[in-house]
Amino acid sequence: MNHPAPVEVTYKNMRFLMTHNPTHATLNKFTEDWPLDDGAPPSNQIVDDSLNLVKITFREEPGCCIAIHCVAGLGRAPGLVALALIEGGMKYEDAVQFIRQKQRGAFNSKQLLYLEKYRPKMRLRFKDSNGHRNNCCIQ
């Protein structure tokens, strides 16, 4: 099976690397592993865990890149990246188009419907010290 090449997605101060399955040699580079059924949208728990990891990582390690993998690199990984972009302030349609420009074939119809219905809680937008909204993940 031909897998697409890893793709970097950058939005504001967030950087992600979407990739297909890691090898046994690179698996130890991944800090978390959340099983998700192929072709399915993520559970609420996986969304919460993923967004919390993103928020903490970009606060503690400015400039880092978070690698997210799935078997083919076309559905589950782009889906979690899209959720982070949406939580960071991007509209769902823009997030899908942005990712598809970099990764052709990303998302299936179930995943698109999930993203369309997803209602962000703006978890990746922060208030600055003056109480104003800051669209960046890093302050």
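A crossing of two helices is right-handed if the near helix is turned clockwise from the far one by less than a right angle. In this predicted model, the crossing of helix 2 and helix 4 is right-handed.

**Helix 2 and helix 4**
- Helix 2 spans residues 76–87 and helix 4 spans residues 109–117; their axes are 11 Å apart and pack at an angle of about 10°.
- Angles under 35 degrees count as roughly parallel, so helix 2 is roughly parallel to helix 4.
- Helix 2 contributes Arg76, Gly79, Ala82, Leu83 and Ile86 to the contact, and helix 4 contributes Gln111, Tyr114 and Leu115.
- Sorted by class, the residues in this contact of helix 2 with helix 4 are five nonpolar, two polar and one charged.

**Aromatic pairs**
- The count of aromatic pairs is two.
- Phe16 and Phe58 pair edge-to-face, with 5.7 Å from centre to centre and 85° between the planes.
- This pair links distant parts of the chain, 42 residues apart: Phe16 belongs to strand 2 (residues 14–19) and Phe58 to helix 1 (residues 44–60).
- Both Phe16 and Phe58 are buried.
- Tyr114 and Tyr118 form a tilted pair, 6.1 Å centre to centre with 40° between the planes.
- Both Tyr114 and Tyr118 are buried.

**Pro6**
- Pro6 sits in the segment before strand 1 (7–11).
- Its relative accessibility is 47%, so Pro6 counts as partly exposed.
- Beyond its neighbours within four places in sequence, Pro6 is in contact with Leu17, Met18 and Thr19.
- The C-alpha atoms of Pro6 and Ile68 are 9.8 Å apart in space, while the two residues are 62 residues apart in sequence.

Note on methods
Residues are numbered from 1 along each chain as its sequence is written. This is a predicted model: local features need pLDDT of at least 70, side-chain atom pairs count only at pLDDT 80 or more; totals for chains, interfaces and linings use all residues. Side-chain values use heavy atoms; hydrogens and water are left out. Axes are lines fitted to C-alpha atoms, for helices over the stretch in contact, and angles run from 0 to 180 degrees between N-to-C directions. Helices (H or I, at least four residues) and strands (E, at least two) are DSSP runs, numbered from the N terminus. Angles under 35 degrees count as roughly parallel, over 145 as roughly antiparallel, 65 to 115 as roughly perpendicular and the rest as oblique. Contact means heavy atoms within 4.5 Å. Ala, Val, Leu, Ile, Met, Phe, Trp, Tyr, Cys and Pro count as nonpolar, Asp, Glu, Lys and Arg as charged, and the others, Gly among them, as polar. Buried means under 20% relative accessible area, exposed over 50%, partly exposed in between (1.4 Å probe, protein chains only). Rings of Phe, Tyr and Trp (its six-membered ring) pair if their centres lie within 6.5 Å; planes under 30 degrees apart count as stacked, over 60 as edge-to-face and the rest as tilted.
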